[in-house]
Amino acid sequence: MGSLKPQWRRKNRIQFVAFGCALALAIIAIFIFKNLLLSFVVSVVAAYLLSPVVSYLEGRGINRLAAVLAVYFVLTIALVISITALFPLLANQFYSLRASLPHYLNGLTKLFDSFSTTLNAGSGGTIHVDIGNRARDWLTNSSTQLAGSLPGYLSDSITVLLLAPLLSFFLLKDGQSISRKALHIVPNSIFELTLSLQSQITAQIGQFIRARLLESAIVGLVVLIGLWIVGFPFPIVLALFAGVANVIPYLGPLAGAIPGCLIAFVNAGLGAKLFFVVLVYVAAQLIDIFFIIPLVVARVVDLHPITVILAVILGSKALGILGMLISIPVAAAIKVIVVSIYRHLTDDVTGPTLAP
């Protein structure tokens with residue numbers, strides 16, 4: 001027995017090092033290949049959303065593979081029905097918006113021209129600016145760059161749409177077994193700490209993802225209803241954009257409101273229509289700030305606002321918009337790890353002195 005224990009420890013160390021190297025290589029590959037990173041993030045989000053349903057079915061005596069396949073089958077049917085019902089409306093509004101885009105671009109350039117004229121006249125000739133031409137050049141260059149980059153964006157989107165469901169399937173099917181195998185190679189001295197960290201991080205990230213998606217869905221729904229009541233054009237496209245943009249912390253709500261406000265201003269100027277459109281977006285954000293965030297989001301992630309801001313800035317610097325999206329759950333996970341390790345170490349230090 002005495003000779004087996006060192007062999008088991010040596011085997012455990014080898015497994016631990018091999019697992020650490022494999023995990024490090026996987027993380028490096030994910031961050032090098034941006035499509036793989038985006039696909040991984042989407043797959044993790046999908047896995048966290050679907051995991052409670054799969055676990056419920058498994059608890060009812062259904063094999064986990066069968067439960068995952070059943071969830072995928074039902075989800076596929078629901079997506080087909082939703083796309084069949086909503087896609088014609090969404091496509092019609094999208095093509096109408098694209099056809100009207102030159103009109104809105106011309107309206108924006110005229111707006112900038114008028115602003116330049118007013119500024120030059122008001123300065124008595126001391127200021128000479130030509131915002132209109134600069135804005136026209138910027139819009140033209142941006143449209144050209146967007147058109148040139150569109151095939152790449154479409155290719156990336158197709159890659160994500162193919163990879164994300166596949167990765168999510170394996171995360172749902174084998175995620176628990178992989179987690180259990182990983183825990184087997186953890187030393188006994190930190191096994192309980194590791195198990196607690198895994199449970200806390202998994203629960204917090206899952207709750208955060210579900211809370212943020214629910215928040216964005218409610219904001220998009222409020223914008224849709226408000227624009228529909230006002231009789232504003234392209235309500236589905238603008239509400240979808242507002243809901244998706246709302247996922248981005250701080251900047252998202254503002255970015256989501258800009259297209260609707262610009263369209264209203266170009267169509268009607270500083271009139272009642274613009275006022276009501278701005279009121280719709282403001283109402284959506286007030287509902288978000290005073291009801292959704294306190295009741296749904298704030299209870300999930302206990303982070304100081306300064307910590308959130310710093311995390312969002314660091315995430316944007318590292319990975320752009322994707323970094324902003326994942327910055328808060330990553331910061332929350334780091335906080336859980338630091339607090340748990342600190343408590344573990346302080347308990348180890350103070351525990352023996354407090355014992356009778």
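**Entry 1: aromatic rings**

I looked for aromatic clusters and found that Y72, F169 and F170 form one. I note that this is a predicted model. My search of the whole structure returned 3 aromatic pairs.

I then looked up accessibility for both residues. F169 has a relative accessibility of 16%, so I put it down as buried, the cut-off being under 20%.

**Entry 2: F275 and F276**

I also checked the aromatic pair made by F275 and F276. Its centre-to-centre distance is 5.5 Å, and the planes are 65 degrees apart, an edge-to-face arrangement. F275 counts as exposed at 52% relative accessibility, and F276 is partly exposed at 41%.

**Entry 3: helices α6 and α7**

I turned to helix α6, residues 235-245, and helix α7, residues 251-268. How do they pack? I found an angle of about 160 degrees and axes 7 Å apart. Roughly antiparallel requires an angle over 145 degrees, so I described α6 as roughly antiparallel to α7.

Next I listed the residues in contact. From α6 I have L238, F241, A242 and A245. From α7 I have G252, P253, A255, G256, P259, G260 and I263. What classes of residue make up this contact? I recorded 8 nonpolar and 3 polar residues, with no charged residues.

Definitions and conventions:
Residues numbered from 1 in each chain as written. Predicted model: local features only at pLDDT ≥ 70, side-chain atom pairs only at ≥ 80, totals over all residues. Heavy atoms only, no water. Phe/Tyr/Trp six-rings, centres within 6.5 Å; stacked < 30°, edge-to-face > 60°. Buried < 20%, exposed > 50% of the residue type's maximum accessible area, 1.4 Å probe, protein only. Axes fitted to C-alpha atoms, helices over the stretch in contact; angles between N-to-C directions. Helix = DSSP H or I, 4+ residues; strand = E, 2+ residues; numbered from the N terminus. Parallel < 35°, antiparallel > 145°, perpendicular 65-115°, else oblique. Contact = heavy atoms within 4.5 Å. Nonpolar A, V, L, I, M, F, W, Y, C, P; charged D, E, K, R; others polar.
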